Every structure is written in structure tokens, then in C-alpha cells.
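Today I opened my notebook to look up charged side chains that pair up. Here is the structure I worked from.

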Amino acid sequence: NEKSDIYNNVIYPKTGSYLPCFGMDLMGFFEQKVIIVFDFQHPVEKFLFSLPNLPKAEKDYRFFEMGNHFSENIFVRYCTFDEVDNYLPEFRQYLEFYRKIIDEAQPIGPTDVECYKDFDTYMKKLDPILGYMSSRFGKENANRMMDEFFFPYAE
């Protein structure tokens, strides 16, 4: 019995100061193939966001173009279901850095979603999940989930 679990999360901060989003993917395709990704995803295209004190990406990744919405600090790991918890310390570290970014900037007021339109449009074209979801849920349902849930600001 094939089992897959996909958890995709993007935190869009209230903005006006163009703060990065925090993105996290946990994709379990089968027991021996799990992909973990977390990163600070900047809404501005061709903006290289980087934080000192966090690891830099180990290599170039197929779907994650550093400097084009993805930071130099993108964290990507391949593991098994049983190894996922091994990466909780790194996830906690990234989340704590993100909380500091938000706390220092103190974004207030209404959320300006205009800056996320380019980001979501780019991500919708790039993200490989559409093909996977189409095969699992049908093309119409997959497109609706992409538009309404995964990338709601895409044009």
C-alpha cells in the first residue's frame, strides 16, 4: 500500500517592509524517500536574502533557485520516515531566527498582499507538486488546491 504525506506551509508576514516568508515542506513519498525543506523566501524577485549564523545551502537544488525568492540558507535534506525527527533542532533554529526577524521589524497594519503576487506566481510555475497532486486527486482538484490553498496570491 503506497502512502504519501505532504505538508506545505508558507508564513506570509504582515508587511510593507518586504519581510521574507518562512516556507517549510515535509514530503514523505514512501518509507525511504522523505524530503525536508525550509527557507526564508523573499517576495522580491532576484533578491538574495542571507542570514549569517545559519548554514548555507550545500549545493544547487533543482527546484530552488537561490537569489530568486529562495535564500542562501535554504535547508534541504533527504531522509527516511524514521529520520525526520533528527532534523527538529535545525527546524527550531530556523524558526527562532524567523521569529527574531518578525520581532525586530514589528510589522503592523493591514497585510499588503501585492508584494506576494509575483512570489506566488513564480512559485506556482516552479513547484513540482501540481503533477503529483493531479495524479492523486485529478487535474481539476489539483488546480483548485494550487489556486486556493498553496498559492492564493498568484495571478
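My entries on salt bridges follow.

Before starting, I noted that this is a predicted model, where local features need pLDDT of at least 70 and side-chain atom pairs count only at pLDDT 80 or more, while totals for chains, interfaces and linings use all residues. Residues are numbered from 1 along each chain as its sequence is written, and side-chain values use heavy atoms, leaving out hydrogens and water.

Entry one: the count. I looked for salt bridges (a side-chain nitrogen of Lys or Arg within 4 Å of a carboxyl oxygen of Asp or Glu). I found 3 salt bridges.

Entry two: E72 and K56. I saw that their closest N and O atoms are 3.8 Å apart. Both residues sit in the loop between β3 (33–41) and β4 (75–79), so this pair ties together parts 16 residues apart in sequence. Strands here are DSSP runs of E, at least two residues, and helices are runs of H or I, at least four, numbered from the N terminus. Partly exposed lies between buried (under 20%) and exposed (over 50%), using a 1.4 Å probe and protein chains only.

I noted D103 as partly exposed, at 43%.
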